Amino acid sequence: MSDAFVRPLPLGATYKAGGTTFRLWAPALDDVELEIRDDDPRKMERDEEGWFALTVDVPAGARYRYRLPDGLAVPDPASRFQDGDVHGWSVLVDPLGYRWLAGDWAGRPWREAVLYELHVGCFGGFRGVAAALPRLKDIGITAIQLMPIWDFPGARNWGYDGVLPYAPDAAYGTPEELKGLIDRAHELGLMMFLDVVYNHFGPDGNYIGAYAPPAFREDLHTPWGGAIDFRLPEVRSFFTENVLYWLIEYRFDGLRFDAVHAICEQDWIDEMAAAVRSSHELRDRRIHLVLENENNQQSHLAGDVDAQWNDDFHHVFHVLLTGEREGYYDDFATDTAGKLARCLKDGFVYQGELMAHIGHPRGTPSGHLPPKAFVSFLQNHDQVGNRAFGDRLTTLAPPGGVEAATAAFLLCPQIPMIFMGEEVASETPFLFFTDFQDELADAVREGRRKEFSKFAAFAGEEIPDPNAKSTFEASIPQPHPTLAGERAALFKRLLAIRAAEISSREATADAEAEAIGPKAVRATWRFEDGARLTLAVNLADSPLDVAPIEGPLLYESAPGVADAARAGRLEGFAVVALMEKA
């Protein structure tokens, strides 16, 4: 078996027969002891930079932790697995213990990505996700994106309260089961992505401040707590190594980086991406890096980053379909069709214009970027889960409108992302859920209720308790009782067209788009082989007189829709796609 699937970590512990070296950065301390369960504590050696190290011959599977001078026992911050949750013992894992079946998998081109975002807990763990892969492949999904899986406190979590970035949570399965999931995906020709969070740690189980307080800044704060200090080389290395760890040791095909706008030193993003591209372990594989950046900055996309989530895409479609105007939706409520046209043509809607909701300009020019630089979506964990009652678009908009928007976003050359359950028209909410205890549970519960108390729509309504098991159980997606089969067939048809005619070509940045009605847009994209794709969509329920739309038919949302468009009439909730080939 090749050892190319493991990169020895310069921190934590990488198992080695005959002697494993344990390393911990604890600059605030003079003494640290290594504890191996059922053995006597051993004093570790300190260097001038605050690194403690000790080499011990222990078997894979041994339980270990670090004992601080005040008696506090802490897990390894680079633990590969935990026994006893985030406060328990770290497990010494042999990273070469899993025998890969699809070890020659090299990945797929980014333009072929059709992402499917899912919560592992809602699928019953890693094995449950693996069991669902054939169904998702049959629909036309090409890439699975797991919401964060880092070890978190308790048995369930929304995903963004992880505290041990190297350890998959035991509630989902073992490291071997996670590798088995990725292996199975690769056998089926599917890419695997992981959502990673480098902008904060969760509030329970993060012990780093007890032995390495310089890792956090006192002068900067994020919405989730103290900012991580990316000015320090030890901090930068901790997270860069984590990126390489998931890509090499677990063979993920790519990562989605959560809220990078909250990372204080933006140059780390480019430094990290360059490290990925220069890694000799990854030189023969296609690796894809995707950012979430609320600021609509495109600068990282000029380097080694492949794409960025486009929240503007979601917002403009959401306003057109639902009419909502509260919060940031109000910035998309005027000239909405014009904003949709800009989104389809350029990617970002806001490219430096004032956004009233935040009170300052947002974004940078993006029209020079190709469509594959943007990940588009109608729903995702944020836009559903951050609603008080986790409402899905299925419950907020008419089915005809949702189906028209679905066709538009799956036939657009931007990279589409589907949220779990969307393909079966699920009405199941996706709620915010945790498994905190005592005072923290109370604080999260009350904070959630206070957050939505200012919204008139929720006055007098009881916000679901995030810590109740029933809140998690209510979030497991269920197929729509009557629309599931029809919606799944629509996704399968659209994704087959996409694979055959759109993602098989390389789209250029040369695009045109215009509003042709209050809720209607026509857009055209060009491809490197000379082909031209035209998409016309009407998200209103009434027909619209338009200039004739002509060309070889690729898709029509209902029989006769294309003929009507050629005669100058775009029906309500209609989509027409045309493809002219060179």
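Is Arg251 buried or exposed? Arg251 is buried, with a relative accessible area of 2%. Keep in mind that this is a predicted model. Now, where is Arg251? Look in the loop between α4 and β18, residues 254–257. Arg251 also has a positive phi, about 60°, and it is not a glycine. Here is the background. Most residues other than glycine have a negative phi.

There is another case of this. Go to the loop between β24, residues 415–419, and α10. Ala425 is found there. Phi of Ala425 is near 55°, again a positive value in a residue other than glycine. Is Ala425 buried or exposed? Ala425 is buried, because its relative accessible area is 0% and buried means under 20%.

Back to Arg251, and to one of the residues that touch it. Trp246 lies in helix α4. Trp246 has 0% relative accessibility, so it counts as buried. What does Trp246 touch, once residues up to four places away in sequence are set aside? The list includes Arg251 and Phe252. It also includes Ile149, Trp150, Pro165, Tyr166 and Pro168. Leu178, Leu194, Val196, Tyr198 and Leu255 complete the list. Now take His261, 15 residues from Trp246 along the chain. The C-alpha atoms of those two are separated by 22 Å.

Next, the core. A general point comes first. In soluble globular proteins, nonpolar side chains tend to be buried together. Here, the largest nonpolar core has 161 residues. Which of them touch the most other members? Phe22, Leu146, Tyr198 and Trp246 do. Helix α4, residues 233–248, provides the largest share of this core, nine residues. A second, separate core has 14 residues, including Leu115, Phe193, Ala307 and Trp309.

Let us stop at Leu146. Again, leave out residues up to four places away in sequence.

On to the helices. Helix α10 covers residues 438–452, which makes 15 residues. From first C-alpha to last, α10 reaches 22 Å. That is close to the 21 Å expected at 1.5 Å a residue. Which residues of α10 are buried? Ala441, Val444, Arg445, Arg448 and Phe452 are. They cover an arc of only 95° around the axis, which puts them on the same side of α10. On the other side of α10, Asp438, Glu439 and Lys450 are exposed. What covers the buried residues? The cover includes α8, residues 381–385.

Four elements come next: α6 (311–322), β22 (360–362), α8 and α10 give two or more residues to the lining. Helix α10 gives the most, with seven residues.

Now helix α12, residues 484–502. At 1.5 Å a residue, its 19 residues should span 27 Å. The end C-alpha atoms are 26 Å apart, which agrees. The buried residues of α12 are Ala484, Arg487, Leu490, Phe491, Leu494, Leu495, Ile497, Arg498, Glu501 and Ile502. Seen down the axis, these fall within an arc of 165°, so they line one face of the helix.

Pro479 is found in the loop between α11 (469–473) and α12. Leaving aside neighbours within four places in sequence, what is Pro479 in contact with? The answer is Val424 and Ala484. Pro479 and Val424 are 55 residues apart along the chain, yet their C-alpha atoms are separated by 5.1 Å.

Last stop, the cavities. How many cavities of 30 Å³ or more does a search of the whole structure find? It finds six. The largest cavity holds about 70 Å³ of space. Its lining includes Arg498 and Ile502, both buried residues of α12. Also in the lining are Arg111, Pro371, Lys372, Pro413 and Ile415. Ser503, Arg505, Glu506 and Ala507 line this cavity too.

Conventions
Residues are numbered from 1 along each chain as its sequence is written. This is a predicted model: local features need pLDDT of at least 70, side-chain atom pairs count only at pLDDT 80 or more; totals for chains, interfaces and linings use all residues. Side-chain values use heavy atoms; hydrogens and water are left out. The expected span of a helix is 1.5 Å times one less than its number of residues. Buried means under 20% relative accessible area, exposed over 50%, partly exposed in between (1.4 Å probe, protein chains only). The arc is that of the directions from the helix axis to the C-beta atoms. A nonpolar core is a set of buried Ala, Val, Leu, Ile, Met, Phe, Trp, Tyr and Cys residues joined through side-chain atoms within 4.5 Å. Contact means heavy atoms within 4.5 Å. On a 1 Å grid over the protein atoms alone, a cavity is a set of points where a 1.4 Å probe fits but cannot get out, and a pocket is an open set with protein on both sides within 12 Å along at least five of seven lines; lining residues have an atom within 4 Å of a point. Grid points are joined across faces, edges and corners, and a volume is the space filled by probe spheres set on the points.
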